[in-house]
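Me: I am new to this structure. Please show it, and then let us take it step by step.

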Amino acid sequence: MGLGDGGNIPTDSDFGANIMESDAKDHGAFWDSDENGASVSLQNQANVIVGAYGDVTLKED
């Protein structure tokens, strides 16, 4: 059973959520940084936490 209404999960297009861009190679890498600073995944999380939703990079279809 999914997490959303009708058995959809948040990454299903029918769920209706925005999906953030991620450069994490696996689930444990969402908080990684690189030589240039915060990864895309980490920066997107920070933007959500501080309410800067317009600065979140969304995944392209």
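Reply: Buried means under 20% relative accessible area, exposed means over 50%, and partly exposed lies in between (1.4 Å probe, protein chains only). This is a predicted model, where local features need pLDDT of at least 70 and side-chain atom pairs count only at pLDDT 80 or more, while totals for chains, interfaces and linings use all residues. Residues are numbered from 1 along each chain as its sequence is written, and side-chain values use heavy atoms, with hydrogens and water left out.

Me: Is Ser-41 buried or exposed?
Reply: Ser-41 sits in helix α1. Its relative accessibility is 3%. Buried means under 20%, so Ser-41 counts as buried.

Me: Which side chain joins that of Ser-41 in a polar contact of 3.0 Å?
Reply: A polar contact is a pair of N or O atoms within 3.5 Å; within protein, one must be able to donate a hydrogen and the other to accept it, and residues adjacent in sequence count only if both atoms are side-chain atoms. Ser-41 touches residues including Glu-21, Ser-22 and Phe-30, leaving aside those up to four places away in sequence. The side chain that makes the polar contact of 3.0 Å with Ser-41 is that of Asp-23.

Me: What pattern does the chain follow along the sequence?
Reply: Helices (H or I, at least four residues) and strands (E, at least two) are DSSP runs, numbered from the N terminus. The chain has one helix and two strands. Read along the sequence, the pattern is β-β-α.

Me: What is the radius of gyration of the chain?
Reply: The radius is taken over C-alpha atoms, and the globule rule is 2.2 Å times the number of residues to the power 0.38. For 61 residues the rule gives 10 Å. The chain is well over that, so it is more spread out than a compact globule, with a radius of gyration of 13 Å.

Me: Which residues does Asn-44 touch, not counting those up to four places away in sequence?
Reply: Asn-44 is in helix α1, residues 40–49. It is buried, with a relative accessible area of 1%. Contact means heavy atoms within 4.5 Å. With that cut-off, Asn-44 touches Met-20, Glu-21, Asp-55, Val-56 and Thr-57.

Me: Which residues of α1 are buried?
Reply: Val-48 lies in α1, but it is partly exposed at 34% relative accessible area. What covers the buried residues of the helix includes β2 (37–38). Those buried residues are Ser-41, Leu-42, Asn-44, Gln-45 and Asn-47.

Me: How do the residues lining the largest pocket divide?
Reply: The lining includes Ser-41, Asn-44 and Gln-45; on a 1 Å grid over the protein atoms alone, a pocket is an open set of points where a 1.4 Å probe fits, with protein on both sides within 12 Å along at least five of seven lines, and lining residues have an atom within 4 Å of a point. Ala, Val, Leu, Ile, Met, Phe, Trp, Tyr, Cys and Pro count as nonpolar, Asp, Glu, Lys and Arg as charged, and the others, Gly among them, as polar. The lining divides into five nonpolar, six polar and one charged.

Me: Which residues is Leu-58 in contact with, leaving aside neighbours within four places in sequence?
Reply: Leu-58 lies in the segment after α1. It is partly exposed, at 40% relative accessible area. Its contacts are Asn-18, Ile-19, Met-20 and Glu-21.
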